[in-house]
Every structure is written in structure tokens, then in C-alpha cells.
Amino acid sequence: MGASINENMKLREEKKFYRFQHLFLRIRHGLLFLTLRNILVKFGLDIGIYFWVLEGTGTILPPTIKGNTEDYDFIFLSHNDIKSLGNLHFLNPDSLIKRNGNGMKVVGLKNRNGQVAAFMFIEYENFGYEKRNFRLEEGEVYLSNMYTYQDFRGQNLAPYLRHKSYEILKKEGVTRIYSITDYFNKSSQKFKQKLKSKNLYLFFNMILFKKYHKTFKIKEY
């Protein structure tokens with residue numbers, strides 16, 4: 001049996017040429033410092049600065065997809081959908097399937113051909129980030145790992161997916177939606193600014209050889 005559409009797309013994402021192209025795009029879009037940080041991590045030194053962000057509070061016009069919105073469905077991803085995502089650098093499908101529906105959900109946009117074009121995670125329980133534990137109270141969630149496949153970029157899918165998640169979460173009774181934005185990730189900052197997100201705190205963290213770690217709150221907005 002031939003490979004599925006999502007499997008073919010996954011193979012393109014994992015090719016060495018794609019990884020080189022991805023590096024070039026990161027630098028071109030102002031992610032040079034973030035790229036350098038990722039290189040230092042390989043040598044055991046992880047130094048980061050990140051914002052703790054409140055989302056979903058601003059009044060904005062709902063983002064629209066460039067093209068036909070009806071070509072995409074907003075869905076909670078099934079186990080089979082998750083298996084099709086592939087081993088991206090931040091994702092292991094097997095471990096994700098174990099957590100899906102157990103304190104965490106995966107939402108995404110699927111096109112008419114059955115391809116998952118974009119996805120992200122919703123955390124409903126306490127979680128850890130860069131060795132720091134974050135506590136979520138009742139009615140609070142955390143959004144992470146927004147990802148759009150290369151074939152679907154440039155269509156405004158990320159803001160559309162994010163806003164759709166706000167709508168669903170508010171129906172669930174969620175009152176506060178949080179996320180984290182890396183200080184050097186200008187693309188992510190612009191994306192969240194379009195959605196009228198608010199930076200609440202700025203943190204500095206340092207991790208040495210994945211063992212020694214320290215986090216400081218350096219600014220409150």
C-alpha cells in the first residue's frame with residue numbers, strides 16, 4: 001500500500017534539505033538569536049528569556065484564512081491523526097497519544113484531503129517548562145507547540161486556529177488562557193500581538209548540562 005498524504009508530507013518535513021531550508025527561514029525571519037541558543041543547548045548550556053502571556057482577552061475581528069475557510073475543519077485530533085504528525089523535534093507521537101485526553105488535548109485544522117495542516121496542544125493541568133513548574137488553577141489552561149506544516153504556511157492558519165481554540169475553551173468555562181513566548185522568537189511575538197495577547201511577566205532561565213537550573217522573574221508588566 002502506498003504512503004498516505006500525511007506520511008508523504010511528514011517525509012518532506014524530515015528531509016535534510018528541509019532542515020537546512022528551515023534553518024535559513026528562521027534566520028531570515030529574525031530568529032538568529034533563537035537559532036544560536038539552540039546550538040548552545042547542544043553543548044549543555046541553555047540560556048533563555050521568555051514571556052508569560054495572557055491570551056484571549058482582547059476584542060479583535062476573528063482571523064480569516066487566506067483562501068476558502070470552508071476547506072478546513074477545526075478538530076480535536078484523534079489517536080490516528082496524532083500518529084500521522086510524524087516525529088517532529090518537539091513531538092513524539094507515542095507519548096503524545098498517552099496524554100491526549102488525559103489532562104491535555106491536541107487541536108488542529110484538517111483540510112478536505114484529510115491532511116492535518118496545523119495543530120497545537122492545550123494543557124489543562126500543571127506543567128513544567130525549562131525546569132520550572134507552572135501551576136494552573138481551575139478555569140485556566142496553557143497553549144503550546146503551535147505548528148503549521150510547510151506546505152500550508154502563508155495562509156494565516158495559526159491565528160485562525162488559535163482564535164478558534166479561544167472560542168471552544170470559553171464554551172468549556174475557561175476564563176484564563178496562558179502561553180509562553182521566547183524573547184528571541186519575533187515571529188511568535190508578532191503572531192500573538194495580532195491576537196491582542198498581553199505579556200504578564202518576563203523570565204530569565206539558565207540550565208547547565210540538563211541538571212543545574214535557575215529561573216528569575218526579571219520584569220512584571
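The legends below describe several close-up views of one predicted model.

Residues are numbered from 1 along each chain as its sequence is written. Because the model is predicted, local features need pLDDT of at least 70 and side-chain atom pairs count only at pLDDT 80 or more, whereas totals for chains, interfaces and linings use all residues; side-chain values use heavy atoms, with hydrogens and water left out.

**View 1. The protein chain as a whole, with its helices and strands.** The chain holds 7 helices and 10 strands, which are DSSP runs numbered from the N terminus (helices H or I, at least four residues; strands E, at least two). Of its 221 residues, 44% are buried, where buried means under 20% relative accessible area, exposed over 50%, and partly exposed in between (1.4 Å probe, protein chains only). The accessible surface comes to about 13000 Å², and 54% of this belongs to carbon and sulfur atoms; such areas come from the Shrake-Rupley method with a 1.4 Å probe, and for residues only the protein chains shown count as cover. Among contacts (heavy atoms within 4.5 Å) with a separation of 6 or more, 68% are accounted for by residues 24 or more positions apart.

**View 2. The open sheet of 8 strands.** The strand order is β2-β3-β4-β7-β8-β1-β9-β10, and the pairing is mixed; two strands are taken to pair if DSSP finds at least two bridges between them. At the edges stand β2 (72-76) and β10 (212-220), each with a single partner strand, so one side of each is left without a neighbour in the sheet. Neighbouring strands are turned by 25° against each other on average, direction ignored, with axes being lines fitted to C-alpha atoms, for helices over the stretch in contact, and angles running from 0 to 180 degrees between N-to-C directions.

View 3. Strand β3 (residues 104-111) and strand β4 (residues 116-123) pair in the antiparallel sense over 7 bridges, and in β4 the bridge partner of K110 is V116, while that of V106 is F121. The hairpin of β3 and β4 has 4 residues between the strands, and G114 in this hairpin takes a positive phi near 85°. Strands β4 and β7 also run antiparallel, joined by 5 bridges, and F119 stands opposite Y147 in β7. Strand β4 is mostly covered, with 8 of its 8 residues buried.

View 4. Helix α6 (residues 157-171) has 15 residues and reaches 21 Å from its first C-alpha to its last, close to the 21 Å expected at 1.5 Å a residue, the expected span being 1.5 Å times one less than the number of residues. Its buried residues include L157, Y160, R162, H163 and L169, and just after the helix G173 takes a positive phi of about 95°. Helix α7 (residues 186-194) lies across β1, β7 and β8 and runs at about 150° to β8.

**View 5. The nonpolar cores.** A nonpolar core is a set of buried Ala, Val, Leu, Ile, Met, Phe, Trp, Tyr and Cys residues joined through side-chain atoms within 4.5 Å. The largest has 36 residues, of which L85, V106, F119, L143 and L157 touch the most other members. At least two residues of this core are supplied by each of β2, α5 (93-99), β3, β4, β7 and α6, and the largest share, 7 residues, comes from β4. A second, separate core of 11 residues includes Y50, F127, Y178 and F203. Leaving aside neighbours within four places in sequence, L143 is in contact with residues including M120, I122, R162, L169 and Y178.

View 6. Most residues other than glycine have a negative phi.

View 7. K217 lies in strand β10 and touches Y201, L202 and F203, not counting residues up to four places away in sequence. K217 and Y50 are 167 residues apart in sequence, yet 9.7 Å apart in space, C-alpha to C-alpha.
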